[in-house]
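User: I have a model open and want to learn how to read its features. Can you take me through them one by one?

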Amino acid sequence: MMINKKQERKILYFLLILCSIFLTPSLVKSEVPLVIVEPNIVQNEIWEPNNVYLIDDLVYIEPDVTLVIRSGTIIVTTFYGGLIAGSDSRIIINYPTYFLPYDLRPFDAYCAAIELLPGVKTDSRLEGMIVCGAHFGIINRNNRLNTPINNCHMYTVYHPILSLGRNITDITNSQFVYYGTIWYNICPYLGCAIEVDLTYYPPEDPNEVLPPPTLTINNCTIDDGDCALYVQLDPTIEDPN
């Protein structure tokens, strides 16, 4: 029997779902030590690949605290969970780090793999995130990190990258596949691989003249979704770069 391109994509899609369904519970129930993450991270921590980390609540990285996630670490998040880097905190994610859903469904099993609040330390790094099953992969609230979001792969994530504000972090060598309403038509809005909304976090002085925001997207693969890139312009910016 001949398999066309559309059928092939569906087969790959359901294989990804099966992986998330059968891999995640087996990890949580396996002999690998399970660490239930406390709601607030108040001192420097290093997450190791010989543990599985379960996020069952909103977990905030407090100011002046650094969280390092080492290569090969697995993070499982429930529907009510989320990892949030607060102002003046630092997060270092190394390739590969796996963000998996605890519940057995794609696209909305949890809100986001990581959310950056305004004012995180600019030497934070988001590299090598392998994300499945989230509604958002990364929510970036007005942060331009020194290092691009790099080598991240997101599958069955409804809205992979959401950037709010004029400060935007570049994106390189990443892949966003199987997202948006063409796979999950319950949501009332289109899913974008990369969305930038420049209307958030305006300057305190409305007369302040700011340089135009800049976003570089380099060597990325975006496929099988609604919208590759959507930019909501700020009316005070005439010529965004």
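Analyst: We go through the sheet, the cores, one asparagine, the cysteines and the salt bridges.

Analyst: This is a predicted model, where local features need pLDDT of at least 70, side-chain atom pairs count only at pLDDT 80 or more, and totals for chains, interfaces and linings use all residues. Residues are numbered from 1 along each chain as its sequence is written, and side-chain values use heavy atoms, with hydrogens and water left out.

User: How do I read the sheet, and which strands stand at its edges?

Analyst: Strands are DSSP runs of E, at least two residues, numbered from the N terminus. Two strands pair if DSSP finds at least two bridges between them. Here 8 strands form an open sheet with parallel pairing, in the order β2-β5-β8-β11-β14-β17-β20-β23. The edges are β2 (40-41) and β23 (227-232); each has a single partner strand, so one side of each lacks a neighbour in the sheet. Strand β20 (residues 192-197) runs parallel to β23, joined by 5 bridges. Valine 196 faces valine 231 in β23.

User: What is a nonpolar core, and how many residues has the largest one here?

Analyst: A nonpolar core is a set of buried Ala, Val, Leu, Ile, Met, Phe, Trp, Tyr and Cys residues joined through side-chain atoms within 4.5 Å. Buried means under 20% relative accessible area, exposed over 50%, partly exposed in between (1.4 Å probe, protein chains only). The largest core holds 41 residues. Trp47, Leu83, Ile91, Leu126, Met129 and Val131 have the most contacts inside it. Strand β11 (residues 110-116) supplies the largest share of this core, 4 residues. A second, separate core has 14 residues, including Phe107 and Trp183.

User: Is asparagine 140 buried or exposed?

Analyst: Asparagine 140 is buried, at 4% relative accessible area. Its place is strand β14 (residues 134-141). A polar contact is a pair of N or O atoms within 3.5 Å; within protein, one must be able to donate a hydrogen and the other to accept it, and residues adjacent in sequence count only if both atoms are side-chain atoms. A polar side-chain atom of asparagine 140 lies 2.8 Å from the backbone oxygen of asparagine 143.

User: How many disulfides does the structure hold?

Analyst: A disulfide is a pair of cysteine sulfur atoms within 2.5 Å. The structure holds 0. For cysteine 220, the closest cysteine sulfur is in cysteine 152, 9.2 Å away and too far for a bond. Cysteine 227 is in no disulfide either; the nearest sulfur, in cysteine 192, is 3.8 Å away.

User: Where are the salt bridges, and how many are there?

Analyst: Side chains of opposite charge can pair when their charged atoms come close. A salt bridge is a side-chain nitrogen of Lys or Arg within 4 Å of a carboxyl oxygen of Asp or Glu. The count is 6. Arginine 70 pairs with glutamate 48, closest N and O atoms 2.9 Å apart. Both sit in loops, so the pair ties together parts 22 residues apart in sequence. Aspartate 64 and lysine 121 meet at 3.8 Å, N to O. This pair ties together parts 57 residues apart. Aspartate 64 is exposed, at 60% relative accessibility.
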